Amino acid sequence: MSKTIIPFGPQHPVLPEPIHLSLTLEDEIVVEALPALGYVHRGLEKLCEIRDINQMIQVVERVCGICSKIHAQCFCLGLEKMMNVEPPPRAEYLRVVWSELHRIHSHLLWLGLFADSFGFEALFYQLWKIRERVMDINEATAGNRVIISVNVLGGVRRDLSAEQVRWITSQLNMVEQELKDLQSTILDDYTIRSRTVGKGILTREKAYELGAVGPTLRGSGVAQDCRQLGSSALKHLEFQPVVEQDGDSFARNKVRFLETLQSISLVRQALKGLPKGEIKTKFKGSPEGEAVSRVEQPRGELFYYFKANGTKNLERLRIRTPTFANIPPLAAMLPGIELADVPVIVLSIDPCISCTER
Amino acid sequence: MDEKTYSENSADKPVEQPKAVLETRQIQAGSLKGEILLLKDQGYRFVTITCVDLDQESVDLIYTFDRGLEMVHLRIRQPKAESAPSVSDILFAAFLVENEIQDQFGICFDGLVLDFQNRLYLEEEVARTPFCRYNVTRNSK
């Protein structure tokens, strides 16, 4: 049978950001998928040579337009480790609060886009409406909706008042109830299941071997989540990774939905246990040597490498984002599936190309 | 609130800052694939490769692996004038980062299973290696 090569992207209705896949087809079946990047590469890592470590916090927040806060946290954790700086307990709890709020709004954004990818517009609108409550919390507590800039080296920049804690809790109660109202639709609806169950299967062995991360890895039955490392206040909170066994698009969808509810629980726990005290440890000096740090972004494990020479600027900053790790698994998922299922499967890894290309 | 946590004028108590050391295992390029196969057999999964420009002559390539959230790092010193061995034949996931290093640092990888020929991020007219600190001339294969 003759082969046809079809370009998928960089502009496509299901893609919020540009990535190109060159799909080789036999009839309607994909036999090979080759990714191509380079549409939004900015070279942000290189900026560490001319921006000092405090300025770089603002730069790394702009690596991703969705989980900006967690990038800044990973950056701060690495440098704090290098410089033996320990943030105050209150700051560690506040970091968890804002990180999990970011995870909630990122997963809700994705769940909405996912519903939209197979034409379930009503669900898309509902999910994004719920997400607005979380964006309002970000705006009310940090002054902005996405790039909230709360992290500084040694702690956080902003605090929460007792009144804000009560208000966030009440808002999250509503988010949780609204999500539970949609649970049967998201997990049992015929349309969703028919477009996702058994589509884009990534086996446990393949997911592990190909370096998959985040819900893509956990949807394939591997119970690995960087939050298990217990960084910040997570060591004091009750947490178990959400794992599904089937490895298909539906499993990845289910992991993200359940993680959204789990993150609400983590925010609640962190707010309940929020200790009194300072929000920032002050210190002098500049980092020297090498270190790595990693945290769990909504899309998976985020890895930073630092090399410093005792000056205000880093010699080398390397960022390995979750989508970068999930592209080889995506290339492995696509062969053997029908062309019509490609958009849903591509979206099922929650691709963030802005992150990937940095 | 003072936004500068690190300032020459700060009256805060200084924190002792010894040089941070990342535990890596230095190996020869020739034994890289053998070491990786060994790690793979032990259940480690590939995380990434980090390229660090050292001087006019060489870069460090740091290979990071993970097993149960425990990381292992292998390091090779790679002369810029020579090709590095690609590990994408045993770790398919490495093809993307090896292509990125080719683009950014001009290091060529031998046996790359999917070679974008320095065009992963860069356009054809770009003849420089944008992430190198010391020299920016691209090596050709």
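I count two strands as paired if DSSP finds at least two bridges between them. With that in hand, I opened the predicted model and went to the sheet.

**Entry 1: the sheet**

I found an open sheet of 3 strands in chain A, in the order 6-7-8, with antiparallel pairing. I then asked which strands stand at the edges. They are strand 6 (288-297) and strand 8 (314-320) of chain A. Each has a single partner strand, so one side of each lacks a neighbour in the sheet. On average, neighbouring strands here are turned by 10° against each other, direction ignored.

I looked next at one pair. Strand 7 (residues 300-309) of chain A pairs with strand 8 of chain A over 6 bridges, in the antiparallel sense.

Helix 10 (residues 322-333) of chain A lies across strand 6, strand 7 and strand 8 of chain A. Helix 10 runs at about 125° to strand 7 of chain A.

**Entry 2: the side facing chain B**

I listed the contact between the chains. It takes 45 residues from chain A and 31 residues from chain B. Several elements of chain A each supply at least two residues to the side that touches chain B: helix 2, helix 7 (204-209), strand 6, strand 7, strand 8 and helix 10. Which of them gives the most? Strand 6 of chain A does, with 5 residues. By class, I recorded 20 nonpolar, 11 polar and 14 charged residues on this side of chain A.

**Entry 3: helix 5 and helix 9**

I moved to the helices. Helix 5 (residues 162-188) of chain A packs with helix 9 (residues 249-272) of chain A at an angle of about 160°, their axes 10 Å apart. That makes the two helices of chain A roughly antiparallel. Helix 5 of chain A passes helix 9 of chain A in a left-handed crossing. On the helix 5 side I noted contact residues including A:V165, A:I168, A:L172 and A:L179. From helix 9 of chain A, the contact residues include A:F257, A:L261, A:I264 and A:R268. This contact has 12 nonpolar, 2 polar and 3 charged residues.

**Entry 4: helix 4 and helix 5**

I checked helix 5 of chain A against another helix. Its axis and that of helix 4 (residues 121-142) of chain A come within 11 Å and cross at roughly 170°. Helix 4 and helix 5 of chain A are therefore roughly antiparallel to each other. Their crossing is left-handed. Among the contact residues of helix 4 of chain A are A:L123, A:I130, A:V134 and A:I137. Those of helix 5 of chain A include A:I168, A:M174, A:V175 and A:L182. I sorted the residues of this contact into 9 nonpolar, 5 polar and 2 charged.

**Entry 5: chain A overall**

I closed with the whole chain. Chain A has 12 helices and 8 strands. Its radius of gyration is 20 Å, close to the 21 Å that the globule rule gives for 358 residues, so chain A is as compact as a globular protein of that length. I also noted the span of its C-alpha trace along the principal axes, about 70 × 45 × 30 Å.

Conventions
Residues numbered from 1 in each chain as written. Chains lettered and ligands numbered in written order. Predicted model: local features only at pLDDT ≥ 70, side-chain atom pairs only at ≥ 80, totals over all residues. Axes fitted to C-alpha atoms, helices over the stretch in contact; angles between N-to-C directions. Helix = DSSP H or I, 4+ residues; strand = E, 2+ residues; numbered from the N terminus. Parallel < 35°, antiparallel > 145°, perpendicular 65-115°, else oblique. Left-handed = near helix turned anticlockwise from the far one by under 90°. Contact = placed C-beta atoms within 7 Å. Nonpolar A, V, L, I, M, F, W, Y, C, P; charged D, E, K, R; others polar. Rg over C-alpha atoms; globule rule 2.2 N^0.38 Å.
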